[in-house]
Amino acid sequence: MAAYADAYLTDGSPLAADAVTLSPYLGVGALEPAFEAAEKSGRGVFVLALTSNPEAPAVQRAVNGGRSIAQTVVDAAAERNASASPIGGIGLVVGATISDLGVDLGALNGPVLAPGFGEQGATLSDMRTLFGKSLRSVLPATSRAVLRAGPEVFALRRRHCAPVTRSCRPSVTTDVPRVIPPGMATHVVLGYPRSVRSPAPDPETPTPRRKSWPFPS
Ligand SMILES: O=c1ccn([C@@H]2O[C@H](COP(=O)(O)O)[C@@H](O)[C@H]2O)c(=O)[nH]1
């Protein structure tokens with residue numbers, strides 16, 4: 001783990017990243033070199049806690065010593081972040097496709113990376129219900145739903161929001177500004193799952209051009 005930490009979380013390494021995802025299944029303690037390297041260099045890690053794939057609950061919801069494995073991972077990250085201000089760099093991955101969290105994220109004091117939007121079917125309203133008070137720490141992630149239409153921003157918007165612009169408005173005007181930092185918002189809105197499920201736009205029908213996001217109501 002120390003070698004991985006050097007490669008991905010240390011200044012000057014050609015592979016250094018802002019943050020990496022880590023699996024805790026060697027034991028959370030085995031990740032210590034990565035935690036230390038991330039803290040030292042101001043980087044972050046996201047430890048898998050409750051993943052979005054359907055096979056995950058059999059392992060992550062298993063109970064050991066009165067706590068689920070997922071809660072054990074959450075608690076270890078919370079302990080590591082306890083004294084950090086305003087927020088620690090030990091984050092968790094919690095899939096947005098999960099219907100019932102079943103873990104307490106209240107003491108985490110760290111970010112939550114939530115994959116599952118777009119292609120996997122989670123919606124922004126799922127996010128509000130699922131994460132409750134922890135919502136402000138959640139970074140929603142979507143990949144295929146965005147990449148498939150890219151790289152032009154206008155093409156992305158046209159694919160996902162037109163000709164059903166109206167159905168995109170609720171997320172833009174109510175959910176997003178309150179929960180997602182501006183830099184993230186474009187990404188998330190472009191992958192807004194409700195629009196992913198909408199019919200593909202007719203290439204013959206011109207899309208009304210809107211000057212800027214968020215769309216006027
Ligand atoms: O619980 C998890 C953990 C990681 N992933 C990864 O995130 C992206 C999701 O891609 P989409 O195209 O938005 O579905 C992908 O790289 C997964 O390996 C995850 O989906 N769930």
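Start with strand E5: its residue Val94 is the bridge partner of Leu50. That pair belongs to a parallel pairing between E2 and E5, which runs over 5 bridges. Keep in mind that this is a predicted model.

E5 also pairs with strand E6 (residues 112-115), again in the parallel sense, over 2 bridges. Here Val93 stands opposite Leu113 in E6. The two pairings look like this:

| Strands | Sense | Bridges | A residue pair |
|---|---|---|---|
| E2 and E5 | parallel | 5 bridges | Leu50 and Val94 |
| E5 and E6 | parallel | 2 bridges | Val93 and Leu113 |

So how much of E5 is buried? 5 of the 5 residues of E5 are, so the strand is largely enclosed by the rest of the structure. In a regular strand, side chains alternate between the two faces of the sheet. In E5, Ile90, Leu92 and Val94 sit on one side and Gly91 and Val93 on the other, and both faces are covered.

Now for helix H2, which spans residues 32-41 and has Ala34, Phe35, Ala37, Ala38 and Ser41 buried. Those residues cover an arc of only 170° around the axis, which puts them on the same side of H2.

What covers them? The list includes helix H1 (2-9), strand E1 (19-22), strand E2 (44-50), helix H4 (69-81) and strand E5 (90-94). E5, then, turns up here too, as part of what covers the buried residues of H2. Just after H2 comes Gly42, with a positive phi of about 70°.

Terms used: Residues numbered from 1 in each chain as written. Predicted model: local features only at pLDDT ≥ 70, side-chain atom pairs only at ≥ 80, totals over all residues. Heavy atoms only, no water. Buried < 20%, exposed > 50% of the residue type's maximum accessible area, 1.4 Å probe, protein only. Helix = DSSP H or I, 4+ residues; strand = E, 2+ residues; numbered from the N terminus. Arc of directions from axis to C-beta. Contact = heavy atoms within 4.5 Å. Pairing = 2+ DSSP bridges.
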